[in-house]
Amino acid sequence: MFYSLRVRHDELAFKYDEYKSSLMKTISIGIVGAGSIATNMHIPVLKAMKSGRIAWITDIDAVNSRRVALSYGLKAVSLENGVGDLPGCDLVLLALPVPPREQYYNFYAETDTAIFAEKPLAVDSAEHLRLMTAFQPWQVSVGYQRRTY
(Lines give C-alpha, C1' and ligand atoms only; values in the text may rest on other atoms or scores of the structure.)
Protein backbone atom coordinates (compact mmCIF):
# COMPACT_ATOMS: atom_id res chain seq x y z
CA MET A 1 0.00 0.00 0.00
CA PHE A 2 2.71 2.48 0.88
CA TYR A 3 4.53 1.56 -2.30
CA SER A 4 1.49 2.33 -4.49
CA LEU A 5 0.98 5.67 -2.73
CA ARG A 6 4.63 6.53 -3.34
CA VAL A 7 4.39 5.64 -7.03
CA ARG A 8 1.25 7.75 -7.39
CA HIS A 9 2.93 10.65 -5.58
CA ASP A 10 5.98 10.42 -7.86
CA GLU A 11 3.74 10.28 -10.92
CA LEU A 12 1.82 13.38 -9.81
CA ALA A 13 5.04 15.19 -8.91
CA PHE A 14 6.40 14.44 -12.38
CA LYS A 15 3.21 15.68 -14.05
CA TYR A 16 3.30 18.84 -11.95
CA ASP A 17 6.96 19.47 -12.90
CA GLU A 18 6.09 18.88 -16.55
CA TYR A 19 3.15 21.30 -16.27
CA LYS A 20 5.27 23.90 -14.45
CA SER A 21 8.03 23.74 -17.07
CA SER A 22 5.45 24.15 -19.85
CA LEU A 23 4.30 27.36 -18.17
CA MET A 24 7.87 28.63 -18.11
CA LYS A 25 8.39 27.98 -21.83
CA THR A 26 9.36 31.08 -23.76
CA ILE A 27 6.73 31.68 -26.42
CA SER A 28 8.01 32.63 -29.87
CA ILE A 29 5.98 35.45 -31.37
CA GLY A 30 5.67 36.58 -34.96
CA ILE A 31 4.28 40.03 -35.72
CA VAL A 32 2.43 40.85 -38.92
CA GLY A 33 2.18 44.61 -39.31
CA ALA A 34 4.85 47.16 -38.47
CA GLY A 35 2.69 50.25 -38.10
CA SER A 36 2.36 52.69 -35.23
CA ILE A 37 0.32 50.42 -32.93
CA ALA A 38 2.95 47.68 -33.28
CA THR A 39 5.87 50.05 -32.74
CA ASN A 40 4.36 52.21 -30.01
CA MET A 41 2.53 49.55 -28.02
CA HIS A 42 2.96 45.88 -28.93
CA ILE A 43 6.72 45.64 -29.49
CA PRO A 44 7.80 47.51 -26.32
CA VAL A 45 5.41 45.47 -24.18
CA LEU A 46 6.31 42.14 -25.78
CA LYS A 47 10.05 42.83 -25.49
CA ALA A 48 9.59 43.46 -21.76
CA MET A 49 7.78 40.16 -21.17
CA LYS A 50 9.94 37.33 -19.89
CA SER A 51 7.58 34.65 -21.17
CA GLY A 52 7.75 35.75 -24.79
CA ARG A 53 10.34 36.38 -27.48
CA ILE A 54 9.63 38.21 -30.71
CA ALA A 55 10.94 35.82 -33.36
CA TRP A 56 10.21 38.00 -36.38
CA ILE A 57 8.25 40.90 -37.81
CA THR A 58 6.87 41.43 -41.29
CA ASP A 59 4.86 44.04 -43.13
CA ILE A 60 3.54 44.54 -46.64
CA ASP A 61 5.97 47.48 -46.76
CA ALA A 62 9.31 45.62 -46.65
CA VAL A 63 11.32 48.81 -46.13
CA ASN A 64 9.25 49.71 -43.06
CA SER A 65 9.50 46.16 -41.76
CA ARG A 66 13.31 46.28 -41.99
CA ARG A 67 13.40 49.75 -40.39
CA VAL A 68 11.29 48.63 -37.43
CA ALA A 69 13.28 45.41 -37.07
CA LEU A 70 16.54 47.35 -37.02
CA SER A 71 15.16 49.85 -34.49
CA TYR A 72 14.07 47.14 -32.06
CA GLY A 73 16.73 44.51 -32.70
CA LEU A 74 14.30 42.12 -34.39
CA LYS A 75 14.45 39.89 -37.43
CA ALA A 76 12.55 41.21 -40.46
CA VAL A 77 11.06 38.59 -42.75
CA SER A 78 9.73 39.09 -46.24
CA LEU A 79 6.21 38.60 -47.50
CA GLU A 80 7.54 38.42 -51.04
CA ASN A 81 6.66 34.72 -51.41
CA GLY A 82 3.41 34.91 -49.45
CA VAL A 83 2.14 33.92 -46.03
CA GLY A 84 3.11 30.27 -46.41
CA ASP A 85 6.81 31.18 -46.29
CA LEU A 86 6.64 32.91 -42.91
CA PRO A 87 8.75 31.19 -40.24
CA GLY A 88 7.03 29.07 -37.63
CA CYS A 89 6.21 30.46 -34.19
CA ASP A 90 3.90 29.76 -31.25
CA LEU A 91 1.78 32.90 -31.62
CA VAL A 92 1.18 35.43 -34.38
CA LEU A 93 0.12 38.96 -33.55
CA LEU A 94 -1.98 40.37 -36.38
CA ALA A 95 -1.42 44.10 -36.03
CA LEU A 96 -3.13 45.12 -39.23
CA PRO A 97 -6.62 46.12 -40.40
CA VAL A 98 -9.32 43.46 -40.74
CA PRO A 99 -9.55 43.09 -44.57
CA PRO A 100 -5.93 41.96 -45.16
CA ARG A 101 -6.11 39.41 -42.31
CA GLU A 102 -8.07 36.86 -44.37
CA GLN A 103 -4.97 35.22 -45.88
CA TYR A 104 -3.39 34.90 -42.42
CA TYR A 105 -6.55 33.44 -40.89
CA ASN A 106 -6.79 30.91 -43.72
CA PHE A 107 -3.14 29.90 -43.40
CA TYR A 108 -2.94 29.69 -39.60
CA ALA A 109 -6.24 27.80 -39.27
CA GLU A 110 -4.32 24.82 -40.68
CA THR A 111 -1.54 25.05 -38.07
CA ASP A 112 -1.04 24.86 -34.30
CA THR A 113 -0.09 28.54 -34.15
CA ALA A 114 -2.22 30.77 -31.92
CA ILE A 115 -3.52 34.10 -33.22
CA PHE A 116 -3.77 37.35 -31.28
CA ALA A 117 -5.73 39.89 -33.33
CA GLU A 118 -6.49 43.45 -32.49
CA LYS A 119 -10.14 44.29 -32.23
CA PRO A 120 -12.31 43.74 -34.15
CA LEU A 121 -11.77 40.13 -35.10
CA ALA A 122 -14.08 40.36 -38.11
CA VAL A 123 -16.22 42.88 -39.95
CA ASP A 124 -19.52 41.06 -39.40
CA SER A 125 -21.06 38.22 -37.41
CA ALA A 126 -20.91 35.73 -40.30
CA GLU A 127 -17.15 36.19 -40.63
CA HIS A 128 -16.78 35.97 -36.85
CA LEU A 129 -18.63 32.65 -36.74
CA ARG A 130 -16.61 31.30 -39.68
CA LEU A 131 -13.37 32.11 -37.85
CA MET A 132 -14.57 30.59 -34.59
CA THR A 133 -15.30 27.29 -36.33
CA ALA A 134 -12.03 27.34 -38.31
CA PHE A 135 -9.84 27.53 -35.20
CA GLN A 136 -9.56 25.61 -31.94
CA PRO A 137 -11.01 27.61 -29.00
CA TRP A 138 -7.54 28.19 -27.50
CA GLN A 139 -6.12 29.35 -30.80
CA VAL A 140 -7.70 32.81 -31.19
CA SER A 141 -7.62 35.80 -28.90
CA VAL A 142 -8.87 39.30 -29.61
CA GLY A 143 -7.86 42.16 -27.45
CA TYR A 144 -7.49 45.78 -26.75
CA GLN A 145 -3.77 46.34 -26.80
CA ARG A 146 -3.83 48.49 -23.67
CA ARG A 147 -5.87 46.00 -21.64
CA THR A 148 -4.59 42.60 -22.70
CA TYR A 149 -0.95 42.82 -21.63
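Guide: The expected span of a helix is 1.5 Å times one less than its number of residues, and helices (H or I, at least four residues) and strands (E, at least two) are DSSP runs numbered from the N terminus. This is a predicted model, in which local features need pLDDT of at least 70 and side-chain atom pairs count only at pLDDT 80 or more, while totals for chains, interfaces and linings use all residues. Residues are numbered from 1 along each chain as its sequence is written, and side-chain values use heavy atoms, leaving out hydrogens and water.

Visitor: How do you know what span is expected of α2, and what span does it reach?

Guide: Helix α2, residues 36-48, has 13 residues, and from its first C-alpha to its last it reaches 18 Å, close to the 18 Å expected at 1.5 Å a residue.

Visitor: Where in α2 is there a kink, and what makes it one?

Guide: The bend at a residue is the angle between axes fitted to the seven residues ending there and the seven starting there; at His 42 a kink of about 40° is found, shortly before the proline Pro 44.

Visitor: Which residues of α2 are called buried?

Guide: Ala 38, Thr 39, Met 41, His 42, Ile 43 and Leu 46 are, where buried means under 20% relative accessible area, exposed over 50% and partly exposed in between, with a 1.4 Å probe and protein chains only.

Visitor: How do you know whether Asp 59 has a salt bridge or none?

Guide: A salt bridge needs a side-chain nitrogen of Lys or Arg within 4 Å of a carboxyl oxygen of Asp or Glu. Asp 59 is buried, and the nearest side chain of opposite charge, Arg 67, is 8.5 Å away, so Asp 59 has no salt bridge.

Visitor: What does the side chain of Asp 59 reach?

Guide: From the loop between β2 (52-58) and α3 (62-72), the side chain of Asp 59 reaches the backbone nitrogen of Ala 34 at 2.6 Å and that of Asp 61 at 2.8 Å. Residues that Asp 59 touches, beyond four places away in sequence, include Gly 33, Gly 35, Asn 64 and Leu 79.

Terms used. Lys and Arg count as positive and Asp and Glu as negative; His and the chain ends are not counted. A polar contact is a pair of N or O atoms within 3.5 Å; within protein, one must be able to donate a hydrogen and the other to accept it, and residues adjacent in sequence count only if both atoms are side-chain atoms. Contact means heavy atoms within 4.5 Å.
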